[in-house]
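Hello,

Here is the structure for your files. Please open it first, then read the notes below.

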Amino acid sequence: MFGYYLDLALRSLKRNKVLTALMVLAIAVGIGASMTTLTVMHVLSGDPLPGRSGTLFFPQVDPNPYTDGPSLPYDMMDYRSALDLWSAHRADRQALIAHGQLKLTAPQVSLPPLMAQVLSTTSDFFPMFDVPFRYGRGWSAQDDANRARVAVISSDLNDKLFHGADSVGRTIRLKDSDVRIVGVLGAWRPSPQFYDVAGGRFADGQTGDFYGRPEDVFMPLNSSSDIDPAGFNFFTCWSMPKSDANLQTSPCVWVTLWVQLDSAAKVRDYRQFVAGYATQQKALGRFARADNTQLRSLMGWLDFNHVVPSDVRLQMWLAFAFLLICLFNTVGLLLAKFLSRAGEIGVRRALGASRAAVLAQCLFEAGLIGLLGGGGGLLLTLLGLWLVRRQPVAYADLVHLDAAMFLLTFALAIATSLLAGLLPALRASRMALGLQLKIT
Amino acid sequence: MLIRPIFASLRKHRLATFLIAMEIALACAVLCNACFLIVNRVQQIRIHSGVDESALAAIRLTGFDDGQGVDLNARVLSGLAKVPGMQSVSVISAVPFGGFANNAGIATDAAGKQFAGVVNFYSGGPGSFKALGLQLIAGRLPQDGDYQPVIHFVPDDALVWVTKSLADHAWPGVDPLGKEFWVGKPHFRVAGVVAHLARPAPGEGGPSTIDWSVFVPSQPGAHFAGSYLLRASPAQLPRVLRDARAAIARIAPDAVLDTAASQSVTNLRESFFQQDGSMARILLGVIAAMLLVTALGIVGLASFWVAQRRRQIGIRRALGATRGDILRYFQTENFLIVSLGIALGMLIAYVLNAVLMEFYELPHLPLYYLPIGAFALWALGQLAVLGPALRASHVPPVVATRSV
């Protein structure tokens with residue numbers, strides 16, 4: 001039966017090559033466009049830490065001493081609040097994070113000095129975020145306390161400075177200080193770079209930069225403050241900082257805290273702890289609004305920041321509108337094709353074929369068109385993704401077709417064409433018998 | 001030409017008619033909105049920066065200590081001035097499209113109650129106002145005494161030059177000259193108005209705030225160093241910039257040249273809007289592909305209808321219908337179907353626009369997009385149906401006498 005249907009379908013497809021080609025082309029282009037954008041969307045909206053993200057949380061308090069500040073807490077914390085929460089050690093793991101740039105030179109390497117992106121953090125960062133190492137390892141809590149001059153460097157920087165060799169134990173110079181390399185990161189490319197995400201709702205949909213590469217240098221926060229006390233990026237300030245003031249007491253937010261909480265009970269406790277801290281700070285006269293606290297989960301934080309660039313969403317909806325147009329097109333053409341075979345169908349029905357058999361035959365043909373269109377669509381998807389990779393966007397290198405999306409391409413193509421074929425096939429199978437025989 | 005028989009025939013092909021009309025409707029809705037999006041992007045790309053872009057370039061140095069600022073400024077200003085073809089070098093905090101905005105919220109009263117928005121402050125050293133090529137439309141030019149040392153991110157109490165759009169926003173309907181505003185304690189007084197001066201990162205505060213800039217004459221110093229504005233004739237600028245970048249290695253070997261930010265303003269603008277440009281191209285591609293698919297669909301279905309009606313056409317021809325009659329029959333049929341689609345499409349276009357407005361910072365779809373979209377689709381439909389219709393008109397009357 002299967003072979004017979006296949007044979008009939010192939011014959012029919014060959015009979016009207018132009019019409020067949022039009023349908024296959026329409027499905028291929030529609031599938032190609034929608035799968036390209038869907039793949040980009042899939043890559044950008046995925047979980048950057050599968051299996052781990054559910055236990056990671058982002059606490060926020062509102063250190064603003066004025067009651068008329070913004071209604072939501074800032075996306076970062078002032079140093080004192082962050083340090084207080086961190087020093088309480090109420091989470092299973094926790095890491096402070098601040099960003100800055102430092103001039104980097106490598107004594108044994110003849111390269112001009114470069115500005116390194118420095119992520120200043122604490123020792124739990126590496127185990128908490130499951131960061132892979134190529135050589136060496138992260139530093140210890142003792143190194144944090146001792147303000148040790150140690151650093152972990154990215155695999156990109158290691159390639160640039162040491163041509164990929166094991167550089168553990170070697171020294172780099174940051175600003176005016178020698179720092180010993182204790183570890184080199186392995187291939188690590190979280191998508192998005194979740195621990196740097198902040199301020200997305202102010203970015204007007206231009207959030208592509210959240211998908212950048214990891215920083216060049218990771219080092220203890222205490223050590224980088226010693227090397228360059230003023231070398232950190234602010235998120236914002238609630239009043240004008242004094243130019244000679246210590247950053248750690250400035251009216252600015254520039255530090256974030258990530259915590260790992262392994263059970264629902266711990267999340268509840270931590271929420272209470274943060275609220276309690278804010279209340280206590282209000283009593284001390286430092287905070288104006290104690291109730292303005294948040295404890296968002298990692299995925300919740302990403303959603304809140306609209307990490308997926310709005311252009312990517314727009315492209316996806318456009319592509320699906322386009323697929324819908326292709327679908328209407330294919331339904332119309334299939335209808336024409338099946339109805340033009342009224343005579344043939346009439347003969348088959350007269351010879352005893354059931355309506356179901358005619359329906360199955362028509363759907364089989366539609367499915368075959370879908371399969372061909374899916375093949376074309378796959379090629380167009382690969383072409384589309386190649387074009388995306390050539391764009392100057394931070395996520396360009398992330399965009400690849402995985403096995404699931406590969407299968408989805410064919411599933412979508414066949415489902416689309418079956419859907420398109422259903423109506424015409426029903427019409428064809430319901431034609432009145434006598435009429436069809438008469439007109440031939 | 002009677003329309004009634006066409007209607008009768010379309011009613012017999014209700015499903016196919018409906019499908020083509022739906023395809024047209026969707027195409028119409030996407031076409032109108034996509035064109036609107038493209039126009040929006042292009043408008044953004046083409047914004048007026050207010051400066052002589054083709055004559056300007058930026059040099060940005062990092063990695064030096066605050067303590068070296070004064071010395072670095074002196075070395076760079078005198079060193080780069082010697083580059084052949086250089087018309088001027090001045091210290092500036094940022095250039096349009098160069099990123100590195102100095103944003104702060106301003107209030108028009110000392111107590112900070114009347115918030116007037118978040119604006120960008122350009123600190124400009126001596127010579128920079130003239131070098132930028134700003135067009136003064138009210139007030140006077142900055143004079144030597146107006147340049148004051150930078151204590152915070154700009155001088156604390158200064159005369160400033162604001163853009164027309166910022167003045168209109170902060171003091172609507174009033175002469176802005178002499179008006180004051182505050183950023184916390186620091187206080188500023190408007191001494192002049194310039195036609196345009198785009199932010200270093202236009203768009204970050206929304207499309208309406210692109211031009212909300214303040215120019216503050218500032219004295220180069222420890223807290224105001226490392227970023228320079230170069231001016232040369234447009235023809236010489238690429239070479240001058242190349243020489244200047246090379247000279248920096250000798251003039252300031254202790255500093256690090258930020259190569260991405262040390263570009264001509266034309267290049268900075270180009271890379272700033274690269275994303276918008278590629279989005280506009282993607283939208284154009286979608287429109288082209290969509291129109292092509294729609295046209296092919298019409299060709300396919302019309303061809304089928306022509307083939308199906310060969311005998312009828314033959315009979316009509318035998319009864320005296322001219323080729324033109326047959327041609328017009330199919331064209332009118334297509335016009336009716338497309339019109340049905342357009343009517344539906346305009347509704348969908350408006351719904352789609354409402355959805356887009358919800359998620360993107362977009363204005364209402366202007367009404368004139370609808371007739372433009374309609375004409376485009378009518379033209380497309382007529383073009384697509386022309387081939388099959390011509391084929392139909394060439395059906396000889398003798399077909400009427402054949403059995404198939």
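Between chain B and chain A there are two salt bridges (a side-chain nitrogen of Lys or Arg within 4 Å of a carboxyl oxygen of Asp or Glu). In one salt bridge, the side chain of B:D65 meets that of A:K175, at 3.0 Å from N to O.

On the side of chain B that touches chain A, α2 (14-45) and α8 (274-308) of chain B each supply at least two residues. Helices here are DSSP runs (H or I, at least four residues), numbered from the N terminus. The largest share, 17 residues, comes from α8(B).

A word on conventions. This is a predicted model: local features need pLDDT of at least 70, side-chain atom pairs count only at pLDDT 80 or more, and totals for chains, interfaces and linings use all residues. Residues are numbered from 1 along each chain as its sequence is written, chains are lettered from A in the order in which they are written, and side-chain values use heavy atoms, with hydrogens and water left out.

Now the extent of the interface. The contact (heavy atoms within 4.5 Å) takes 46 residues from chain B and 43 residues from chain A.

Best wishes
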